[in-house]
Amino acid sequence: PEDTLAVIKPDTQHKEEILEEIQAQGFTISQLKDTILSREMAEEFYKEHREKPFFSQLVDYMCRGPCTMLVLTKENAVQEWRAAMGPTDPDQARLTAPESLRARFAKDVLENAVHGSSNTEHADQKIKFIFGDIGEI
Ligand code: ATP
Ligand code: MG
C-alpha cells in the first residue's frame, strides 16, 4: 500500500465527519497529529504556489489555527484521497463530485477544508517535512 499526506485545514467545523469519511473509505490512519503551522512552515509547505496571487491569503488561512495532519495508507492512496476530496473549488465539486469532502464541507476555493498530496513524490516529501520537523501541540 501507498502513503499520502492529508491535512484537515484550520477552522473547518467538520473535522469529525471528515475523519469518519476517511474510515468509511478504508484508509488506514498511520500517523495523526494536530499542529499549528508557523508562517515559515506554511510558506514552505505550499512553496510550489509562491508566485500565485492567492499565496499570502493561503498562508494566512493555513496558520489561523490547528491543522490535523494525517498519513493515510491504502492501495493507490494518493489518487484515492484526491478523489475523496474532490476538485479544489467547491462550486465545481458540487457539480462534478457531489459526494466529495469539498462539495460537502468547503466554504470556498480558498477555505476548502482539506489538502492532499498531488503525487507520490510530494507525498513522501511532505510526510517527512510534517512528521519529521514540526512539533505537536
Ligand atoms: P491542496 O494542494 O490544498 O490539496 P489542490 O491541489 O486541490 O489543493 P492547489 O492548486 O494545489 O489545489 O491549491 C492549493 C490551495 O490553494 C487550495 O487547496 C486552496 O486552499 C488554495 N487555492 C487554490 N486556488 C485558489 C484560488 N483561485 N483562490 C484562492 N485560493 C486558492
Ligand atoms: Mg495541491
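**Strand pairing, core and ligand shell in a predicted model**

Thr4 stands opposite Leu72 in E3. The model discussed below is predicted.

Colleague: What makes E1 and E3 a pair of strands?

Modeller: Two strands pair if DSSP finds at least two bridges between them.

Colleague: Why are E2 and E4 called edge strands?

Modeller: The open sheet has four strands in the order E2-E3-E1-E4, with antiparallel pairing. Strand E2 (28–35) and strand E4 (114–116) each pair on one side only. From one strand to the next, the twist averages 20°. For E2, the pairing is with E3, over seven bridges; Thr28 has Thr73 in E3 as its bridge partner.

Colleague: Why is Ala103 called partly exposed?

Modeller: Ala103 has 19 C-beta neighbours inside 10 Å. A residue is buried at 20 or more and exposed at 12 or fewer; the value of 19 lies in between, and Ala103 therefore counts as partly exposed. Ala103 lies in helix H6. Leaving aside neighbours within four places in sequence, its contacts are Gly86, Pro90, Ala93, Arg94, Ala97 and Pro98. Its C-alpha atom is separated by 8.1 Å from that of Met85, 18 residues apart along the chain.

Colleague: Which residues have the most contacts inside the largest nonpolar core?

Modeller: They are Ala6, Val7, Leu72, Trp81, Leu101 and Val114, in a core of 30 residues. Elements giving two or more residues to this core include strand E1 (2–8), strand E3 (67–74), helix H4 (77–85) and helix H7 (120–133). Beyond its neighbours within four places in sequence, Val114 is in contact with Ala6, Val7, Ile8, Lys9, Ile18, Met85, Leu101 and Arg102.

Colleague: How do you know how many residues around ligand 1 are nonpolar, polar or charged?

Modeller: The residues around ligand 1 are His49, Phe54, Leu58, Thr88, Val109, Leu110, Asn112, His115, Gly116 and Ser118. Phe, Leu and Val count as nonpolar, whereas Asp, Glu, Lys and Arg count as charged and the others, Gly among them, as polar. The shell therefore divides into four nonpolar, six polar and no charged residues.

Technical notes
Residues are numbered from 1 along each chain as its sequence is written. Chains are lettered from A and ligands numbered from 1 in the order in which they are written. This is a predicted model: local features need pLDDT of at least 70, side-chain atom pairs count only at pLDDT 80 or more; totals for chains, interfaces and linings use all residues. A nonpolar core is a set of buried Ala, Val, Leu, Ile, Met, Phe, Trp, Tyr and Cys residues joined through C-beta atoms within 7 Å. Two residues are in contact if their C-beta atoms, placed from the backbone, lie within 7 Å. A residue is near a molecule or strand if its C-beta atom, placed from the backbone, lies within 6 Å of it. Axes are lines fitted to C-alpha atoms, for helices over the stretch in contact, and angles run from 0 to 180 degrees between N-to-C directions.
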